[in-house]
Amino acid sequence: MARGAALAALPVIHPPEAVPDAAAEEAGRRLFAGRCDFIAGAASDAALPPANLPEIAFAGRSNVGKSSLLNALTGRTALARVSHRPGRTQQLNFFDLEQRLALVDLPGYGFAEASKRDVERWTALIKRYLRGRASLRRTLLLIDARHGIKEPDRPVMALLDEAAVSYQAVLTKIDKVAPQALAACVAAVAAELAAHVAAHPVIHLTSAHDGIGIAALRAGVAALAAPKPAAVE
């Protein structure tokens with residue numbers, strides 16, 4: 001079996017029994033097919049927009065694929081700017097999804113092609129946001145499937161545990177990993193997350209490039225959205 005076919009045959013969620021049903025996937029498709037508008041870019045606490053919607057934050061190491069995943073989820077090519085240069089995103093970017101959910105693209109942590117002062121500034125802002133944002137429903141912790149959980153991820157996990165903020169692992173770039181290595185990565189991530197009190201037990205496996213796991217992740221995110229506003233008569 002070719003690698004692409006083998007990857008397509010793998011469950012896109014761990015454990016496999018957590019895979020959403022057709023109705024949940026359709027709800028996710030409908031939500032992400034709607035309007036997704038840029039709200040604000042915040043480089044300081046004062047610039048954070050009002051917390052009027054439940055928020056889903058996308059966090060991860062620099063160059064883990066946050067922008068590519070956001071674009072794949074929303075079916076847009078340039079909602080979030082994709083760059084091969086670590087550190088391109090240097091503020092918290094907020095997007096309004098159908099007036100039901102705010103998607104928050106956080107700057108990457110770890111290595112970045114930016115000044116030490118800038119990295120320290122946005123890292124501190126990320127920590128304050130994750131620790132104190134009352135409207136934050138869940139943080140999606142993006143993990144490169146080629147590498148698994150790395151040392152820069154662990155302080156973020158500890159911070160979220162301490163703040164009792166639910167977070168969920170999303171493996172990215174699974175198209176770049178052989179099936180056997182991917183299975184080993186999933187097992188290692190699941191074992192480490194089991195020791196963390198705020199970690200959600202379900203892990204998503206995704207490829208923004210091939211679209212693998214995108215429908216299931218949309219369904220999971222849609223379950224956290226505010227109810228659809230009643231139609232105005």
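The legends below walk through several close-up views of this structure. This is a predicted model, in which local features need pLDDT of at least 70 and side-chain atom pairs count only at pLDDT 80 or more, while totals for chains, interfaces and linings use all residues. Residues are numbered from 1 along each chain as its sequence is written, and side-chain values use heavy atoms, with hydrogens and water left out.

View 1. Two strands pair if DSSP finds at least two bridges between them.

**View 2. Strand 7 (residues 167-172) is largely enclosed by the rest of the structure, because six of its six residues are buried.** Buried means under 20% relative accessible area, exposed means over 50%, and partly exposed lies in between (1.4 Å probe, protein chains only). Tyr-167, Ala-169 and Leu-171 point one way from strand 7, Gln-168, Val-170 and Thr-172 point the other way, and all are buried.

**View 3. Strand 7 runs parallel to strand 6 (residues 136-144), joined to it by six bridges.** Look for Asp-144, which stands opposite Thr-172 of strand 7. Between strand 6 and strand 7 the chain passes through helix 5 (residues 153-163), making a right-handed β-α-β crossover. Right-handed means that, with the strands pointing away from the viewer, the path from the first strand over the helix to the second runs clockwise.

**View 4. Strand 7 also pairs with strand 8 (residues 203-205), in the parallel sense over two bridges.** Here Val-170 has His-204 of strand 8 as its bridge partner. The chain reaches strand 8 from strand 7 through helix 6 (residues 179-193), and this β-α-β crossover is right-handed.

**View 5. Helix 3 (residues 66-74) is mostly covered, with eight of its nine residues buried.** Among the buried residues are Lys-66, Ser-67 and Asn-71.

**View 6. Helix 3 packs against helix 7 at an angle of about 85°, with the axes 10 Å apart.** Axes are lines fitted to C-alpha atoms, for helices over the stretch in contact, and angles run from 0 to 180 degrees between N-to-C directions. The two helices are therefore roughly perpendicular, a term for angles of 65 to 115 degrees. Leu-69, Ala-72 and Leu-73 of helix 3 meet Ile-214, Leu-217 and Arg-218 of helix 7, where contact means heavy atoms within 4.5 Å. These residues divide into five nonpolar, no polar and one charged. Nonpolar covers Ala, Val, Leu, Ile, Met, Phe, Trp, Tyr, Cys and Pro, charged covers Asp, Glu, Lys and Arg, and the others, Gly among them, are polar. Helix 7 (residues 214-222) is itself mostly covered, with seven of its nine residues buried.

**View 7. Phe-38, in strand 2, lies 7.6 Å from Asn-93, C-alpha to C-alpha, although they are 55 residues apart in sequence.** Leaving aside its neighbours within four places in sequence, Phe-38 is in contact with Asn-93, Phe-94 and Phe-95. Phe-95 in turn stands opposite Leu-103 of strand 5. Strand 4 (residues 92-97) and strand 5 (residues 101-105) pair in the antiparallel sense over five bridges.

Key
Helices (H or I, at least four residues) and strands (E, at least two) are DSSP runs, numbered from the N terminus. Angles under 35 degrees count as roughly parallel, over 145 as roughly antiparallel, 65 to 115 as roughly perpendicular and the rest as oblique.
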